[in-house]
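Hi everyone, thanks for coming. Let me put the structure up on the screen, and then we can walk around the ligand site together.

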Amino acid sequence: MRDIATIRDEFPILQRTVNGKPLVYLDSAASSQKPQCVLDAIQNGYGQSYSNVHRGLHTLSEEATDAYEALRGKVATLINAPSQDEVIITSGATMSLNLIAQSWGRAHLQAGDEVLITVAEHHANIVPWQLLAMEKQIKLVAAPMEADGSFDLQTFKNYISPRTKLISVPHVSNVLGTVYPVAEITALAHEAGAICIVDGCQGVVHMPVDVQAIDCDFYVFSGHKLYGPSGVGVCWGKMAILQDMPPFMGGGDMIDDVEIGMSTFAAPPVRFEAGTPPIVEAIGLAAAIDFVLDIGMDVIRAHEADIIKYAHQRLAAVEGLNFIGTAAGKSGVVSFTLDAAHPHDISTLIDQDGVAIRAGHHCAQPLMKFYGLNSTARASVGIYSQRSDFDALAEALEKVNRIFSA
Ligand code: PLP
């Protein structure tokens, strides 16, 4: 493997300073930084092979189409999908979840049916179900988490009822870092006659994913958290389920034949990709997938596990710091509060030392309310993170403590 210093050198932004200090970027869960190969792919996509895809018969359109379409095969390799035709290219995880709700949900859920999630969902896995509930009178049920942020399968099981038709859970919580047992959850869903969606936004970036081993029905994620551009994401679904789903948006590309009276629709995945897609964004994401596969998802997981363990040890020494989420095997994020200061003040003050973390509800307001909080500070890691980032964070937090005790 390339050592971490070499990998860091591939991210131009990590060379810059912020407020006169070297940048310490601990906000990768919100969006990761981009390696040079992704920047080059974007530059090349616009600078050398750009045209609209699918409809052209000239060289540039064919090159752009091939490069855009190549993303499906890369995604299939990354998540071990049986077929690249099961890979729908979307604008991001939020669109992927809305697509499933508006297409599968509208077609298959009836009044009284239940959708089961947990209290730890990102709003993107809550609000699409609420919008559908307003229209279809379905019920949204949220299972609790444990006090330490862990997920208990037995507790979760109690929330499955004969009316449960869909279970949708994160692979990894974006606030707690808890890794959900998604294969076991999928097995419970299938036993109950429900389908299972895995929101893989914070999963696919940190660990190997095998959708066939998980056996989930959908796996969704966003490109910008996986070292790729924003504006592109993935909705992977089992082909038999996709074939049984109506289009969710109408327009160019997604049709077979159009009459003024009625149209027939293309087969998946194109059925769900109406209009000009995120062409160069998809090309950038394909480069990002090459980048992580070249390093190896096992290597990324091991490196980040070491950083997360060190982060907990180092931050535990900061006076008045309380961790939010300490489940065994957690991944990617370290959420905390500080007795002395509000998370927003922490984030603003440590930015003066070049340390970038996120503070707020992290688009997980029900989880904040569940733990009686309105916000947390959150440091999150990527492949370029290093132990010294958490030394810098701990020192900056000690400074915050000194400011507030003065
Ligand atoms: N799900 C999880 C777990 C997330 O962390 C995020 C983003 O933070 C999303 C969904 C939504 O992703 P996007 O805003 O890229 O669509």
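So, by class, how many nonpolar, polar and charged residues does the shell around the ligand have? There are 3 nonpolar, 6 polar and 2 charged residues in that shell. For the classes, Ala, Val, Leu, Ile, Met, Phe, Trp, Tyr, Cys and Pro count as nonpolar, Asp, Glu, Lys and Arg as charged, and the others, Gly among them, as polar.

Before I go on, a word on the model: it is predicted, so local features need pLDDT of at least 70 and side-chain atom pairs count only at pLDDT 80 or more, while totals for chains, interfaces and linings use all residues. Residues are numbered from 1 along each chain as its sequence is written, and side-chain values use heavy atoms, with hydrogens and water left out.

Back to the shell. Among the residues surrounding the ligand are Ala93, Thr94, His122, Asp199 and Cys201; to count as near, a residue needs a heavy atom within 4 Å of the molecule. Now the polar contacts, meaning pairs of N or O atoms within 3.5 Å. Lysine 225 brings a polar side-chain atom to 2.5 Å from a ligand oxygen. The side chain of serine 222 has an N or O atom 2.6 Å from an oxygen of the ligand, and for histidine 224 the corresponding distance is 2.7 Å. Taken alone, the ligand exposes 390 Å², and the protein buries 85% of that (accessible areas by the Shrake-Rupley method with a 1.4 Å probe).

Where is all this happening? The ligand takes up the space of the largest pocket, with "sits in" meaning that more than half of its atoms lie within 2 Å of the grid points. A pocket here is an open set of points on a 1 Å grid over the protein atoms alone, where a 1.4 Å probe fits, with protein on both sides within 12 Å along at least five of seven lines; a cavity is a set the probe cannot get out of, and lining residues have an atom within 4 Å of a point. The largest pocket holds about 350 Å³ of space, the volume being what probe spheres set on the points fill. Its lining has 25 residues, and His122, Asn174, Cys201, Gln202 and Lys225 lie nearest the centre.

There is also 1 cavity of 30 Å³ or more in the whole structure. The largest cavity has a volume of about 50 Å³, and its lining includes Gln202 and Lys225.

Terms used. Polar contact = N/O pair within 3.5 Å; in protein donor to acceptor, adjacent residues only side chain to side chain.
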